[in-house]
Amino acid sequence: MSILLFESIAFGISIIAFLYGVIKVFIPNVPIYYKMIISAVGCYVLEELWVIVNALCGVENDTFSIRLIGIIGCYCTFLTANSRALTNLLGKDVLNNRKSKYLALIAPAAIFALSFAAILKVDKSKAVIMILVFLPLIVDSYYELKCLLTPMDDKGLLKQIKIINALVLIEYAISMSYTFVQELNVLLVMDVISAIGMALIVLASRKGAIKWKISI
């Protein structure tokens, strides 16, 4: 019962946040960057939905499932938003800070080390799946930190984006910690915290979209 309760709370928070984002951000003249961030949250909702299905139907967690597709989709969408859509929004000059580029390498290096440590704990078949899941997360962490370290632009458009970057990095830290935490109750609380983080990402995206429309 506690599993269903906590996962229902996490799913409820994430689905409400996603629907709010769709209504408030998927409107004319809002940059694709913000829409992709909301889409990433939608992929996360799919992952949470599968957890609810497991809890209600007693389905065993398989190595490959809809849940896995949802979380990989979430990370890949964050990666695409930051590697492509954000550059189109701000321009190459804003994000072309040499110091930020070098310092940003710290994030993927740290996450790669944690990933390697996590992979050593599982068998070979699960290790392959973990590599597929962690790869977009590792690459995107570079873009997230690079933007976070980039000096503020003249229009102040980076303010809300930096908040999104920080929240996404926190989400990545939570995702990585799942591999090392064994206590079920702690994992359930982490699910709720992760959903709250996604909701905050949606709110920051909404504020950023408004800021962008005002500035143009």
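Q: Which helix gives the most to the nonpolar patch?
A: Start with the idea. A patch is built from residues with over 30% relative accessible area and no salt bridge; nonpolar side chains (Val, Leu, Ile, Met, Phe, Trp, Tyr) are joined within 5 Å, like charges within 9 Å. Areas come from the Shrake-Rupley method with a 1.4 Å probe, and for residues only the protein chains shown count as cover. A salt bridge puts a side-chain nitrogen of Lys or Arg within 4 Å of a carboxyl oxygen of Asp or Glu. Helices are DSSP runs (H or I, at least four residues; strands are E, at least two), numbered from the N terminus. Here helix 8, residues 184-215, gives the most, with three residues.

Q: Which residues make the nonpolar surface patch?
A: Tyr20, Ile196, Leu200 and Leu203 make the patch, which covers about 320 Å². This is a predicted model, in which local features need pLDDT of at least 70, side-chain atom pairs count only at pLDDT 80 or more, and totals for chains, interfaces and linings use all residues. Residues are numbered from 1 along each chain as its sequence is written, and side-chain values use heavy atoms, with hydrogens and water left out.

Q: Is leucine 200 buried, partly exposed or exposed?
A: Buried means under 20% relative accessible area, exposed means over 50%, and partly exposed lies in between (1.4 Å probe, protein chains only). Leucine 200 has a value of 39%, so this residue is partly exposed. Leucine 200 lies in helix 8.

Q: Where are nonpolar side chains found in soluble globular proteins?
A: They tend to be buried together.

Q: How many aromatic pairs does a search of the whole structure find?
A: Rings of Phe, Tyr and Trp (its six-membered ring) pair if their centres lie within 6.5 Å; planes under 30 degrees apart are stacked, over 60 edge-to-face, and the rest tilted. The search finds four pairs. Take tyrosine 33 and tyrosine 34: their ring centres are 5.2 Å apart and their planes stand at 75°, so the pair is edge-to-face. Tyrosine 33 has a relative accessible area of 0%, so this residue is buried. Tyrosine 34 is buried too, at 0%.

Q: Which rings are linked into a cluster?
A: Ring pairs connect Tyr75, Phe78 and Tyr172. Phenylalanine 78 has 1% relative accessibility, so it counts as buried. Tyrosine 172 is also buried, at 1%.

Q: What is phenylalanine 78 in contact with?
A: Contact means heavy atoms within 4.5 Å. Neighbours within four places in sequence are left aside. Phenylalanine 78 then contacts Ile37, Ala40, Asp140, Glu144, Val168, Tyr172, Met198 and Ile201.

Q: Is glycine 21 buried or exposed?
A: Glycine 21 has 0% relative accessibility, so it counts as buried. Its place is helix 1. Its contacts, leaving aside neighbours within four places in sequence, are Phe26, Ile38 and Val202. Glycine 21 and leucine 203 are 182 residues apart along the chain, yet 7.6 Å separates their C-alpha atoms.

Q: Where is threonine 150 found?
A: Look in the loop between helix 6 (124-149) and helix 7 (158-177). Threonine 150 is buried, at 2% relative accessibility. Residues up to four places away aside, threonine 150 touches Val94, Leu95, Ser100, Leu158 and Lys162.
Leucine 157 lies in the loop between helix 6 and helix 7. Its accessibility is 8%, so leucine 157 counts as buried. With residues up to four places away not counted, leucine 157 touches Tyr34, Leu90, Lys211, Trp212 and Ser215.
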